[in-house]
Structure formats: C-alpha cells, structure tokens
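Please look over the sequence and the model shown here. A short briefing follows, grouped by topic.

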Amino acid sequence: MAETTFRARVRYGKTGPLRHLSHLEVVHACERSARRAGLPYAVTKGFSPHMRIAFGPALPVGTAGLGEYYDVWLRSYVPSADVLASLVVATPENLAPVAVNYAGEREASLTAALTIARYQVVVKGGVGLTESLTGSLAAIVAEGVFAVDHKGKQKVFELASTLPKEPEVSSVEGATVVNLTTRMGERGSLRPETLVTAALTRIGLEGRIVSVTREELLIEEEGSWRSPM
Amino acid sequence: MTDLWTRIAPLLENVERPGRYVDHEWGAIVRRDAGYRVALVYPDLYEIGMANQALQILYGRLLTLPDVAAERVFLPWKDMTEALRAAGLPLFTLETCTPVAECDLVGITLAYELTYSNILETLDLAGIPLRAVDRSEADSLVIGGGPCAFNPEPMAPFFDAVLVGDGEEAVLEIVAVHRAAKARGASREETLSALAALPGVYVPTLYHNDGNKMVATGGAPAQVRKRVLGDLGTFESPVCPVVPFMDVVHDRVAIEVLRGCARGCRFCQAGMVYRPVRERTPDAIVRDTTAALACTGYEEVSLTSLSTADHSCLEEVLRRLTRRLEGTGVGVSLPSLRVDAFSVGIARLLGGGKKTGLTFAPEAGTQRLRDVINKNVTEEDLIETVTKAFDAGWRRVKLYFMIGLPTETDEDITGIGELVGRVLTAARAVTPPAERGGMKVAVSVSTFVPKAHTPFQWEAQIRLEEVRRRQTVLRAAMPRKGVDLSYHDPNVSFLEGVLARGGREVADVIEAAWRAGARFDAWTEEFDHKKWDAALAETGVDGTTIANRERALDETLPWQHISAGVTGAYLKIERERARSATPTPDCTFDGCTGCGVCGAPGVANVLAGVRHG
C-alpha cells in the first residue's frame, strides 16, 4: 500500500555570495537543510533510498534567485508555519526559505509547471546607455528570432514565444536595469544575459553586466500567470 | 583586520567553480573581533582540503578558546591565483576574507610530499617570506604538522616550527605560548625558544647540520618525540564540522572510530607512526554519529580509521547505527576493508542494495613476499573473500599491489598476474553466465616508496628504468580479459622518494622547482617531472642517492632527531625478520612485540572490547 505523503512546497532565495553555487550544490544544500530541520521527509523506495524532493528549473552559477522552489514530501503533516520555522534555522542565510505551502499530490512537477521567469539584469552605465540599449534590444526583438551558440550547437529562439513581454529598460541610480520575462519551452530556456550581451555588442559594448537575478517563477495556465504557492 | 571580500567578489565572475571561495557554509564560525587569529591551511584545492579530518578537528579545538578565530585557507586554482596576483591581492582566509599574512599563526598541513610546491605557492601568495630566517617580527608564525612531519627536513627551512604527532592538545598549548609571548613583547627568537620547550614541537632553526647529524642548540631537545593523545575519548569526534556546498571528495561526515594500527605492515608509515591503537567506545561512536548527522544534515556517515574493520566492537556499532538510520535514506560507509570474509559480511550489512565495488589490498603476488612485508593475508583468504563478494552479487573488485618491494624477484611480479587470474576464475565460478560480461577486476599497481620510521627506511627504491622493466614483466603476466590494469607514474614515485627521505638540502630543490612553476604536483595532469629534474640539476642534489641508495644501518638518517616512539632497534629487528620472511603478529590480538611506543607515560593500546583477528 502506498504511504500517505504531504507535498510541502518551499519558496527560497539564492542570494549574495551563494549565487555562485551550481544547481547541484543548491540541491545538496537544501536536502541537508531539510535533514537538519528534522522534517519527517519521505524516502524513495528502491536500491538507493533517498529523500523525496524535487526542484524547479535550475539557476546557473552566478545568477541569483529571489523566488525559487522545491517540493519535499513529508510522511506526516506538519503545519506549514512550523516547516518554515524549522527550515529557516537550519539553512544558511543566503539560501533562506521565505514561504511554505502545501501543494496537491496530482499537481504537475515544478519543472513542468514553472514556465515563466522574470529576470532583472543590471548593466553598468547611465542614461545614455539606457537609451541605446532600449533601441538595440527592440531591434533584436523586431527580428523575431534569436540564435545562440551552445556548446557548438546553434539554438534558435522564436522571440514571439520566448519573450511574452517586451523587455523594459530603465535607468536607476546611474545603472541601467533590464527587466525581462522569458517563457521556457521544451527546447530550452533563453539566458537573459545572452540576450543583453548581444544587445550590448550591437552598440559596441561588452563586459558591463553587473548582476543577473531571477525575481520570480510563474505557472502559465489558460493564458494567465500565477504563483505556484 | 582587513576584509578583502569586496575586492575578491568581482574576481569570482570569471573563475572556474567560484563556490571554492565563497565561504558561508553551514558550520563555519566567523569571529571578526577575535584577538588572535589562526589560519588553517590545506595546501590544495578546497574540494580536496575539505575532506581532511585533521583540519576539522583542529578547527573545532581552536574554537573552544575564547577570543580565538580559526579560519580555513585553501590554495586557489591557477585561474584564481592569477586573478589575485593581477589585482594585487593576497591569499585570504575563507571565514572573514582576512589576508593570511595578518593572521597571528599560520598552520599548514604536511599531508603528502607532492603538496610541497603548493606550500611555497601558498606562502608566496600570502606575502609571507618563504624561509623562516627571512621572516621579521611582524610576520605570522608558520607552523606545520601532519604525516610528513615525521621527516620534516626537506620542508624545515620554510617553517618556524613543526608539530610532530597528535594535535588535539598541542595546538592549544602552541597558541597559549604564542599569546603569552606576544603579551610580554617577546622577540621572534624568544617565542621560538619557548615553543621548542613544548613536547612534540620541532623548531628547525634551533638545529644545525653537523656531519649529517642534526644537532640541537639553544636548549632545544636533542630528539623531538611525537605527541600522543592517550585516549581518543578525551574529545568527541567533531560533530558540527563545516559542511561544504561544493561537491568535495569524501563528501560525508566522518567519525574517527579508532586511531593507529598495529598490523605491522613493514612498508606502511602510517602503521608505524600513529601507534598505539586507540579505539573509541561504541557508545561514544553512536553518540557522535547521531549528533553529527543531526548537526550537518549529511546523507552519509563514514566510520574512519586506518583499519576500521579491526575495531573490536564494529559489529555492535553497525547494528546500532543501521537500526537507528533505517528508513531515513542515510547510509553508513567504511573507508577500507580487510581481505577476509568478515569484511564481506560487513559490506553486505552496509550496502543494502548498492553493490558499487569492493577494494582489497593484497599488496604482493606471492606468499613469500607478503610474509616479507608482514601483510598477513593468504591467497586462500583473498580467494574466499572474492568468492563471497561475487556470490553476494558484487561484480567489481579493485585490488591494490606494489612493485619494487624489498627482495622482490620477477617470480613475485608474475605471481601478481597469476593471483589475479585465480581471482577471476573464482569470481567467474560463482557468477551466473549471463552476468559474466559485467565482471571487472581492477588492478592498481604502485611503485614502493620506502618511508622514514619504517623497517624499510634503509632500503633502496628501485630505479626508473627498473620500474619500467618490472611493469613490462607484470603486463605480460596479467590476464587480458576482465582486468583493468593501471600503474602509478614512476616519475611521481621517484620524486616522492626524494622528498620522503631527503634531508634539509632538498629544500633548495623544492624552492627551485616552485620557482620553475611546479604546482599541484599531486594532480596527474599537472605534474611535470622535467621541472623537478631541472631543479635537482640546478641545485646539484643527486636525487638517486636519496631515493635509490641502500643505507648502512649505522648511517645517520635525516629524521633521526625526530622520534615516532617506535625505536630504531625495533625497526632493525623488523628489517631482519623481513629478510627471513618471518611475520610479526599484531599486538592488539597477541602479545607485545616491543616496538617501544608504549614506553611513554599515558601511552598504551586502548581497546573498547576484545579483538578477533
């Protein structure tokens, strides 16, 4: 008989120096937090039993995240506020969980469900750059397709689908901020810094990206977006 | 204290695996305002150094002192050292990003001979003068310790002091002496004299070479005897070690279940220098393991020692632990197994469904040679062990052998091939025909390097061309099918031999090699023997007279002023017994063999129960 489990969904951040961690390092760190927190986690059956835990889409080394997610299955129900409290004290500050909720057993996996990502890319350079970068990005969007070389292979993104919203460029305290929303498809996801770098190259600039932050991950359902919590 | 973080951070955008440099791991203790700062250096990459148990032990011990900060330091990979030098930045500690040169004490692990060039790179990157004699009053105190401290001479000029033996108590005494010296405004010279008065502390500048003998001056002891922690139970095994984010080697929490090994393998330096045997009690092991898993959140615990299967209460410990951990997905592992049926039983108990591979070390191919080296394993044991393992479902075993052991003949070498052949036959006999395709016997063959403080310390290491000839003999004798044969690079073994048994003159060679760019010599793809050959030529040191020469028994050896407790007389007797292929029993099962280590007060074997050989 299958045991009854409870699917706790944890929203957490990957910030500060810890944005330099790889996805696998984040996975291991979160698993260890869950064990330290003393959560009654469920264990997979089979030859190599391990914690039942599943993560949302990976973040690359160097990219920060403010709203990342994992699901951890518990053998017994623990109020979500208690799950959160015990995780917070057992997790390094820069990977701290910020919210816990229960998700339905039948809901799609996080990787399948989270297809919309909002990013913020900060670029060195003030008002002048803001204007030229706006134009340069608009020109790329107007072309409709964007080709990326990935490990010797070319990946082509259809921008009408990949960029469900126009990129927004603004000037903030002497820096230029690009807000990008991307849609992740089966054929991969567009790294925002790749697009911004291409736009910078067109205006003869490079090496100006200060930081990349994924601010939010969303589920797209029947044409509208919602938080997974 | 200078915090370099804001200047280091931008460099992380362009280096490989920046996780090595970010700190903030679980269990890292930050004490910005401490009055005394210790840098604990492991001279290799983060992912290697973080597996070092001594580092975690000393970290925990130092942090029991109020007002003392202990901070980890690893050598950055080449891209990062380049970036640091280009930015004019020095090597920094992880916890607070303090320049290493601003620490009061810099402790460096002497883990392995091939990390020596990295130690010079560490000092240079830190901006600390390489040689003790060039350091000023303002410079940090540089202290070494670890396995290679038992022949400190090749590295002696680069250290202010070297601790020989167990560090748990000694590091606290060293810090106390140094702090007291600072408080009274003592000079560097006075501080070093005070340190030399501590048992187990060797201050190289107080010894000079007088016709091959290192002679003590300024009140330093004629012979420095290693420190021994009488009872491991005095301190708990570190239960809240730093938990790395990165995937490091041995990525699990380690509980040291015993220290020392009295099996008496005559080639083994660890077996001689870490005596006596000191077991932790089962209660302490279960208590520390439970606490460590709760504190770290690790998914695996390793019960470590030189020979864990020898622990008198291992079965009880494993029964208690596996019962506690049932259903948690948390596993127990052992670092090494003996060649016997007991070990296969243990492996079955631990592995659950996982049968990844078992490793055994028969070391030599014939019974005669195994008797010479006192490796108390018979062919029968090995065949029975392998049969049990394959019968239980394992399909892969790894066997370790050495070539170049004293008295070895070609017959012993072809004996390795024949033994492997019989292992394969035995394994095949109990493996269902459909699964025989997946069978694999990995055979790893290293070249014997004689080490200080062993019965073979007087022996000649075989020359490079002879290594290659014996490898050819071995290849011809090895079954082709089902065997993966690998060798150690003979050039690496030669260098290891020079660094392991050289005297103080070898320091010039190490410095010359480092100046020529030698780094990360322990990394196969980084090791370049040409840099070392050139360094030997440049300094006029003949490496072959160090590595490949048999010493007379009355010759003064470069490490004679260091005592591991085991007497020279015992080593000579053991050498004689080796020559007549006479085994010596293990004193934890049979009677005392008179090695001499238990002569010192409070030093004796400590067993938690009755051992079964």
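Just after H10(B), Gly327(B) takes a positive phi of about 80°. The model is predicted: local features need pLDDT of at least 70, side-chain atom pairs count only at pLDDT 80 or more, and totals for chains, interfaces and linings use all residues. Residues are numbered from 1 along each chain as its sequence is written, while chains are lettered from A and ligands numbered from 1 in the order in which they are written.

**Helix H10(B)**

- H10(B) covers residues 314-325, twelve in number. Helices (H or I, at least four residues) and strands (E, at least two) are DSSP runs, numbered from the N terminus.
- From first C-alpha to last, H10(B) reaches 16 Å, close to the 16 Å expected at 1.5 Å a residue. The expected span is 1.5 Å times one less than the number of residues.
- Leu314(B), Val317(B), Leu318(B) and Leu321(B) of H10(B) are buried. A residue is buried if 20 or more other C-beta atoms, placed from the backbone, lie within 10 Å of its own, exposed if 12 or fewer, and partly exposed in between.
- These residues lie on the same side of H10(B), because they cover an arc of only 95° around the axis. The arc is that of the directions from the helix axis to the C-beta atoms.

**Strand S1(B) and its partners**

- S1(B), residues 36-42, is mostly covered, with six of its seven residues buried.
- S1(B) runs parallel to S2(B), residues 68-74, and seven bridges join them. Strands pair if DSSP finds at least two bridges between them.
- Arg37(B) has Ala69(B) in S2(B) as its bridge partner.
- S3(B), residues 105-109, also runs parallel to S1(B), joined by four bridges. Here Val41(B) stands opposite Ile108(B).

**Backbone features in loops**

- Arg275(B) and Pro276(B) are joined by a cis peptide bond, with omega about -5°. Pro276(B) is in the loop between helix H8 (269-273) and strand S12 (278-279) of chain B.
- Glu173(A), not a glycine, has a positive phi of about 45°. Its loop lies between S8 (168-172) and S9 (175-183) of chain A. Glu173(A) counts as exposed because it has 6 C-beta neighbours inside 10 Å.
- Phe520(B) has a positive phi near 50°. Phe520(B) counts as buried because it has 21 C-beta neighbours inside 10 Å.

**Interface**

- 23 residues of chain A are in contact with 21 residues of chain B. Contact requires C-beta atoms, placed from the backbone, within 7 Å.

Definitions and conventions: Two residues are in contact if their C-beta atoms, placed from the backbone, lie within 7 Å.
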